[in-house]
Amino acid sequence: MRGCERGDEAAIYGAPFHPGAFEKTLARTTSRYVCQNCGAAYPKWSGKCDACGEWNTLVEEQASESVPKGLGKGQGRKIEFVALSGVSKDAPRRMTQIQEFDRVCGGGLVNGSALLVGGDPGIGKSTLLLQVTCCLAQETRCAYISGEEAVDQVRMRAARLGLVNAPVALAAANNVRDIVASLEAADGPQVAVIDSIQTMYIDTLDSAPGTVAQVRACASELIRVAKKRGITLLIVGHVTKDGQIAGPRVLEHMVDTVLYFEGERGHQFRILRAVKNRFGPTDEIGVFEMSEDGLVEVPNPSELFLADRRRDITGTAVFAGLEGTRPVLVEVQALVAPSPLGTPRRAVVGWDSSRLAMVLAVLEARCGVAIGANDVYLSVAGGLKISEPAADLAVAAALVSSLTGEPVPADAVVFGEIGLSGEIRAVSQTDQRLKEATKLGFNRAIMPQPRRSRGGAGAAADGLRRVELDHLSDLMPLFQADAPPRPPRGRD
Ligand SMILES: Nc1ncnc2c1ncn2[C@@H]1O[C@H](COP(=O)(O)OP(=O)(O)OP(=O)(O)O)[C@@H](O)[C@H]1O
Ligand SMILES: [Mg+2]
Ligand SMILES: [Zn+2]
């Protein structure tokens, strides 16, 4: 289905546009067929791409003879090698003063670097980059080049965001030749936004805008100029339905930094995540709220993610997580319900479904908690996606709570990794997690035993009672608070 849509697009845009078709007789060109999904190239057309399995994604491209003749006959110059120990300055950076953005970039924008912002349609990419350029514009020459929207549309957005007076140079353009000329001009910008790379084209190339060949060529040309002139290039890239930057992965290799702008439909939260960064860590997130006046920073996401929490209900646990350098508390919700189906349903939002299967299997095999024949729904509140194994114990607590009908203590945070034998493993940055929990008024932490005893419990976070678990089965007694010990209630 997905393949068909892409294929139709290629049929509409790809085939009839061959401006260079007449000159083909002179230049030595060969035809090849390039998958628009993964970038694999084939000498012949076929319906299905063998590399990625997508259908109808191959589009014809003209490739000129790329291997120059006579290589290695004394034509190259010897490269000057230098010692590794030389002194190099830190890359100079521009701070946008949007702290959530600066942190995700690794501490501001680096001069002469290329940054790609990917995200679903309508998630707020143009809004984010317009706000970023407007913040920089007081001290830096900034240009915003839109290939998708007319100048008026961008102006209207700026008016809505209250940014009309920022001295940003605005243009609607698609031709990379013109854009390069403008970037190379003496009074050219120091920061330039290209919105989006899929709408740009190089006029000497046969392919339509948005094809792998165009996207790759446009990006490499723009990045080359940016590096040469020390310009910071902010590129918008659209994302396909399976969450990759549309067309080629190659784009991600060409740029220095790749940020994804994510959010759940119907939630106002937006999360900016670094997935690649040559100038900083990749596990940072920035949290924004989409409002009438644009994106508003959320300096304390835990408060936001816990805002709608109701105490003393079953099937929820507050996970003390870590996103990059920052601790984030978030609610994990589980629902375990008898299944009418032969194959019970497993639905997960915001976590890894194979990780859920593992936790269920360990609960069953090591603790005798039979959830197997029930439907299981698991969701991370607020639209956050958790990838840390440290969430295992919080997930297990939410599941057991839903199954037994006993709430997890409302004043407790939970974290810890679960091993296959049911052992609870220590996780990193325990102190940071505990500090955040204390800050938000929690009194208890259900957590692993520390790797090495470091001078007794409660040393780091005062006032927080630590409930240290050695094995997953130690979790069960917490759900039988008032009752005499009884085996956990399984399926009848
Ligand atoms: N008048 C408005 N009031 C509040 N929010 C608005 C308003 N107009 C637009 N928005 C928000 O801005 C979002 C669109 O933002 P933006 O155009 O920056 O997204 P985008 O990622 O660039 O989209 P595209 O993929 O179309 O380029 C909308 O989804 C909506 O949430
Ligand atoms: Mg846009
Ligand atoms: Zn492919």
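Where does Ser196 have its place? In the loop between strand 9, residues 191-195, and helix 6, residues 212-229. Keep that loop in view. A cis peptide bond joins Asp195 and Ser196, with omega at about -5°. Most peptide bonds are trans. One caution before I go on: this is a predicted model.

Now the ligand. Which residues come nearest to ligand 1? There are 15 residues around the ligand, and Gly122, Lys125, Ser126, Thr127 and Arg157 come nearest. By class, that shell has three nonpolar, six polar and six charged residues.

Some contacts to look at. Ser126 puts a polar side-chain atom 2.6 Å from an oxygen atom of ligand 1. Ile123 uses its backbone: a polar atom there is 3.3 Å from a ligand oxygen. Arg160 faces a nitrogen atom of ligand 1, with an N or O atom of its side chain at 3.3 Å. How much of ligand 1 does the protein bury? Taken alone, the ligand exposes 650 Å², and the protein buries 67% of that.

Which elements build the shell? Three of them give two or more residues: helix 3, at 125-136, helix 4, at 151-160, and strand 13, at 285-291. Helix 3 gives the largest share, three residues.

Stay with strand 13. Glu289 lies in this strand.

The partner is Phe261. The ring centres are 6.1 Å apart and the planes stand at 80°, so the pair is edge-to-face.

Another ring, another kind of neighbour. Arg433 lies over the face of Phe415, 5.6 Å from the ring centre.

Leu116 belongs to strand 6, residues 114-119. Leu116 is buried, at 0% relative accessible area. Which residue does it meet across 139 positions of sequence? Val255, with 6.7 Å between the two C-alpha atoms.

Now a loop residue, Asn175. Look between strand 8, at 168-172, and helix 5, at 176-184. Asn175 has a relative accessible area of 13%; the cut-off for buried is under 20%, so Asn175 counts as buried. Its side chain reaches the backbone nitrogen of Arg177 at 2.9 Å.

Last stop: backbone angles. Most residues other than glycine have a negative phi. Asn56 has phi near 55°. It is found in the loop between strand 2, at 41-42, and strand 3, at 58-64. At 30% relative accessibility, Asn56 is partly exposed. Gln97 has phi of about 70°. Its place is the loop between strand 4, at 93-94, and helix 2, at 99-104. Is Gln97 buried or exposed? Exposed, at 59% relative accessibility.

Definitions and conventions: Residues numbered from 1 in each chain as written. Chains lettered and ligands numbered in written order. Heavy atoms only, no water. Near = heavy atom within 4 Å. Polar contact = N/O pair within 3.5 Å; in protein donor to acceptor, adjacent residues only side chain to side chain. Areas by Shrake-Rupley, 256 points an atom, 1.4 Å probe, with all protein chains shown as cover. Helix = DSSP H or I, 4+ residues; strand = E, 2+ residues; numbered from the N terminus. Nonpolar A, V, L, I, M, F, W, Y, C, P; charged D, E, K, R; others polar. Phe/Tyr/Trp six-rings, centres within 6.5 Å; stacked < 30°, edge-to-face > 60°. Lys NZ or Arg CZ within 6 Å of the ring centre and 35° of its normal. Buried < 20%, exposed > 50% of the residue type's maximum accessible area, 1.4 Å probe, protein only.
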